[in-house]
Amino acid sequence: MWRNLLSIRQVSRRTISTASRRPLENRVPEKQKLFQEDNGLPVYLKGGIMDGLLYRFTMGLTVFGKAHIKHLRFSTLSNLLRLKNFFGTASSMTDTVLCTRYSFRIHVKMLDKAKITHKAYFERE
Amino acid sequence: MAHQAHSYHMVDPSPWPIFGAAAALLTTSGLIMWFHYNTSTLLMAGLLSMLLVMLQWWRDVIRESTFQGHHTPTVQKGLRYGMILFITSEVFFFLGFFWAFFHSSLAPTPELGGQWPPTGINPLNPLDVPLLNTAILLASGVTVTWAHHSITEGNRKQAIHALTLTIALGLYFTALQAMEYHETSFSIADSIYGSTFFVATGFHGLHVIIGSSFLTVCLLRLIKFHFTSNHHFGFEAAAWYWHFVDIVWLFLYMSMYWWGSC
């Protein structure tokens with residue numbers, strides 16, 4: 001009976017744990033071997049297939065964005081100055097040149113108007 | 001294969017600088033589209049590409065240093081200079097906002113009621129949450145130093161605990177500050193008081209988030225055995241940045257919260 005009691009005591013004192021006992025291993029030497037392999041790959045592609053995919057995705061995003069801006073720049077500018085109907089141009093290059101000339105003319109007109117309304121400001125000593 | 005006869009690092013050609021510039025262009029154009037045309041597609045593309053570029057660029061720096069061994073003492077010296085210069089530039093960035101604050105608060109105009117804080121503004125009580133936030137950041141300065149000492153002494157477990165505590169304190173600060181923003185009776189649009197307060201503390205909060213992120217990356221690297229007891233510059237750079245963030249807060253607290261509420 002004593003032995004049974006003692007064994008129960010031992011069981012109750014045994015640590016119950018569900019935590020993983022495996023400590024995190026140092027995998028740096030494996031990485032060092034991978035990235036020092038003489039395969040001619042640049043560092044940004046040397047890690048594996050994911051590197052290439054991530055690179056292509058980043059490039060796609062930035063290139064798509066830049067193309068989107070170019071499209072917006074011409075459509076927004078010309079809409080703002082209402083040139084599309086007025087000039088009826090086909091090329092976006094002409095649009096830019098005309099937009100620049102037109103906006104310069106507007107600028108000069110605005111300055112003239114400012115001189116009339118704010119005479120005192122422009123004539124001060 | 002010829003070996004280099006110098007201790008500098010000639011980096012592999014990399015696409016990240018040009019992609020980073022493109023990402024900055026997308027983000028700024030995206031901001032304009034969002035402000036003026038109420039569309040956020042370009043802005044989202046810009047922010048996502050910025051994040052991708054940062055992740056991959058800094059991933060490559062880790063590969064070049066920890067895995068390829070390119071960070072000689074000479075290279076590390078250059079990185080130290082670089083980080084110091086960058087933090088100095090950030091100091092000047094904040095100096096501008098402090099200049100704006102003192103310009104307006106030392107000589108309050110009649111439009112503000114000739115007083116500071118301006119008429120009608122109820123400032124936050126500096127002895128309330130702002131004082132707690134001060135204590136939190138000061139404590140985090142202690143814990144990050146504790147982490148550094150643990151790393152140099154080769155005590156891995158303590159270093160992980162101390163760095164985790166530092167990050168937790170940083171997150172606690174951010175959460176409290178967000179709650180404070182919600183509690184203020186004034187907004188950014190409420191005269192120059194609101195502008196100077198929210199722009200300065202807002203940029204500081206952003207820097208706390210950046211610093212916490214930097215420290216989190218260091219924690220992950222610490223757990224993965226990237227640091228040695230005498231070579232852990234990434235951690236040192238993060239710790240310097242964190243101390244800078246702490247000191248900016250102390251100036252913010254003393255000038256805007258404390259002096260600025262009297």
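**Figure 1. Leu61(A) sits in helix α3 of chain A, residues 49–80.** The model shown here and in the other views is predicted. Leu61(A) has 13% relative accessibility. It is therefore classed as buried, since the cut-off for that class is under 20%. Its contacts reach into chain B. Leu61(A) touches Leu26(B), Ala45(B), Leu48(B), Ser49(B) and Leu52(B). Residues up to four places away in sequence are left out of that list.

**Figure 2. Chain B packs against chain A through 32 residues of chain B and 28 residues of chain A.** The size of an interface is often given as the accessible area lost when the parts come together. Here, chain B and chain A bury about 2,600 Å² between them. Carbon and sulfur atoms give 74% of that area.

**Figure 3. Asp51(A) pairs with Arg63(B) in a salt bridge.** The closest N and O atoms of Asp51(A) and Arg63(B) are 2.7 Å apart. In total, two salt bridges are counted between chain B and chain A. Polar contacts join nine residue pairs between these chains, with both residues at pLDDT 80 or more. On chain B, two elements each give two or more residues to the side that touches chain A: α1 (16–37) and α2 (41–67). The largest share comes from α2(B), with 13 residues. By class, this side of chain B has 18 nonpolar, seven polar and seven charged residues.

**Figure 4. Chain B is divided into domain 1 (1–70) and domain 2 (72–257).** The centres of the two domains, taken over C-alpha atoms, are separated by 24 Å. Eight residues of domain 1 of chain B take part in the contact, along with five residues of domain 2 of chain B.

**Figure 5. Domain 1 and domain 2 of chain B bury about 580 Å² between them.** Carbon and sulfur atoms account for 61% of this area. Which three residues supply more than any other three of the area that domain 1 of chain B buries against domain 2 of chain B? They are Ser7(B), Ile62(B) and Thr66(B), which supply 57%.

**Figure 6. Four residue pairs are in polar contact between domain 1 and domain 2 of chain B.** Both residues of each pair are at pLDDT 80 or more. Zero salt bridges are found across this interface. By class, the side of domain 1 of chain B that touches domain 2 of chain B has three nonpolar, five polar and no charged residues.

Conventions: Residues are numbered from 1 along each chain as its sequence is written. Chains are lettered from A and ligands numbered from 1 in the order in which they are written. This is a predicted model: local features need pLDDT of at least 70, side-chain atom pairs count only at pLDDT 80 or more; totals for chains, interfaces and linings use all residues. Side-chain values use heavy atoms; hydrogens and water are left out. Contact means heavy atoms within 4.5 Å. Buried area is the accessible area (1.4 Å probe) that two parts lose on being put together, summed over both. A salt bridge is a side-chain nitrogen of Lys or Arg within 4 Å of a carboxyl oxygen of Asp or Glu. A polar contact is a pair of N or O atoms within 3.5 Å; within protein, one must be able to donate a hydrogen and the other to accept it, and residues adjacent in sequence count only if both atoms are side-chain atoms. Helices (H or I, at least four residues) and strands (E, at least two) are DSSP runs, numbered from the N terminus. Ala, Val, Leu, Ile, Met, Phe, Trp, Tyr, Cys and Pro count as nonpolar, Asp, Glu, Lys and Arg as charged, and the others, Gly among them, as polar. Buried means under 20% relative accessible area, exposed over 50%, partly exposed in between (1.4 Å probe, protein chains only). Domain bounds come from an automatic or database domain assignment.
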